[in-house]
Amino acid sequence: MFERFTKDARDVVKGAYTHVEGSGEGGQCVEPEHLLLALLDREGGRGPFALAALGLDERRESVREALRDARRRAGLTQAETDALAGLGIDVGEIVARVEEAHGVGALAGDRKGKGRWSGRVTFGRGAKEVLERSLRVALAQRDRHIGDEHLLLALTLRPGVPAEVLADHGVTYESLVRVLYGSGGEAKAS
């Protein structure tokens, strides 16, 4: 599948690896959040163009902050946090108690002071799903290669923190398709 990736898409994957390696996190897996962070770092390519066209350029730090907040909540989306609150479970209180006992970032798998993990960085299940879905998105749009825009579109289709954070900032699959393909790009990959 990687042979179909454009240089821009490959650069996003490399950037996601860089985010994992530089984070000091316990889990040494590339996750969908890392792919989104790598897309936010980029300046060239169709994905960053679409994000800029949707007004995300000046709100990139807000997206990064929302991703950090979700990581502190052990990767729970705001919708999941709200659902737990409906059951009487205060996720904010749980995070505060765990961090009080074990340090800031404890639920995020923060490994500060625990040595460097010497294994190889791999793709987590969520990131693999995004990569597979990017192929389906490209095929649905009748594109011959997988570009960074297909990775971005796939991130909006997969339920989870990146899709929720993007939607909260006005970036949805439909809005991206309109920017990237105009009104004729209505095909939706499952």
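Val30 and Leu35 touch the most other members of the largest nonpolar core, which has 41 residues. Such a core is a set of buried Ala, Val, Leu, Ile, Met, Phe, Trp, Tyr and Cys residues joined through side-chain atoms within 4.5 Å. The model is predicted: local features need pLDDT of at least 70, side-chain atom pairs count only at pLDDT 80 or more, and totals for chains, interfaces and linings use all residues. Residues are numbered from 1 along each chain as its sequence is written, and side-chain values use heavy atoms, with hydrogens and water left out.

- In soluble globular proteins, nonpolar side chains tend to be buried together.
- Val30 touches Ala16, Tyr17, Val20, Leu35, Val121, Thr122, Phe123, Gly124 and Ala127, leaving aside residues up to four places away in sequence. Contact here means heavy atoms within 4.5 Å.

**The chain as a whole**

- The chain has 10 helices and 2 strands. These are DSSP runs, numbered from the N terminus: helices are H or I with at least four residues, strands E with at least two.
- Starting at the N terminus, the order of elements is α-β-α-α-α-α-α-β-α-α-α-α.
- Of the chain's 190 residues, 40% count as buried. Buried means under 20% relative accessible area, exposed means over 50%, and partly exposed lies in between (1.4 Å probe, protein chains only).
- Among contacts with a separation of 6 or more, 66% join residues 24 or more positions apart.

- α8 is largely enclosed by the rest of the structure, because 10 of its 10 residues are buried.
- The buried residues of α8 include Asp148, Glu149 and His150 as well as Leu151 and Leu152.
- α7 and α8 pack at an angle of about 110°, with their axes 8 Å apart. Axes are lines fitted to C-alpha atoms, for helices over the stretch in contact, and angles run from 0 to 180 degrees between N-to-C directions.
- α7 and α8 are therefore roughly perpendicular. Angles of 65 to 115 degrees count that way, under 35 as roughly parallel, over 145 as roughly antiparallel, and the rest as oblique.
- The α7 and α8 crossing is right-handed. That means the near helix is turned clockwise from the far one by less than a right angle; anticlockwise is left-handed.
- Val130, Leu131, Arg133, Ser134, Val137 and Ala138 of α7 meet His150, Leu151, Leu153, Ala154, Leu155 and Leu157 of α8.
- The axes of α2 and α8 come within 10 Å and cross at roughly 135°, so α2 is oblique to α8.
- In this contact, Pro32, Leu35, Leu36 and Leu39 of α2 meet Asp148, Leu152 and Leu155 of α8.
- The crossing of α2 and α8 is left-handed.

**Two loop residues**

- Gly45 sits in the loop between α2 and α3. At 28% relative accessibility, Gly45 is partly exposed.
- Gly45 touches Asp8 and Asp148, not counting residues up to four places away in sequence.
- Gly45 and Thr6 lie 39 residues apart in sequence and 9.8 Å apart in space, C-alpha to C-alpha.
- Arg142 belongs to the loop between α7 and α8. Its relative accessibility of 74% makes Arg142 exposed.
- Arg142 has a positive phi, near 65°, and is not a glycine. Most residues other than glycine have a negative phi.
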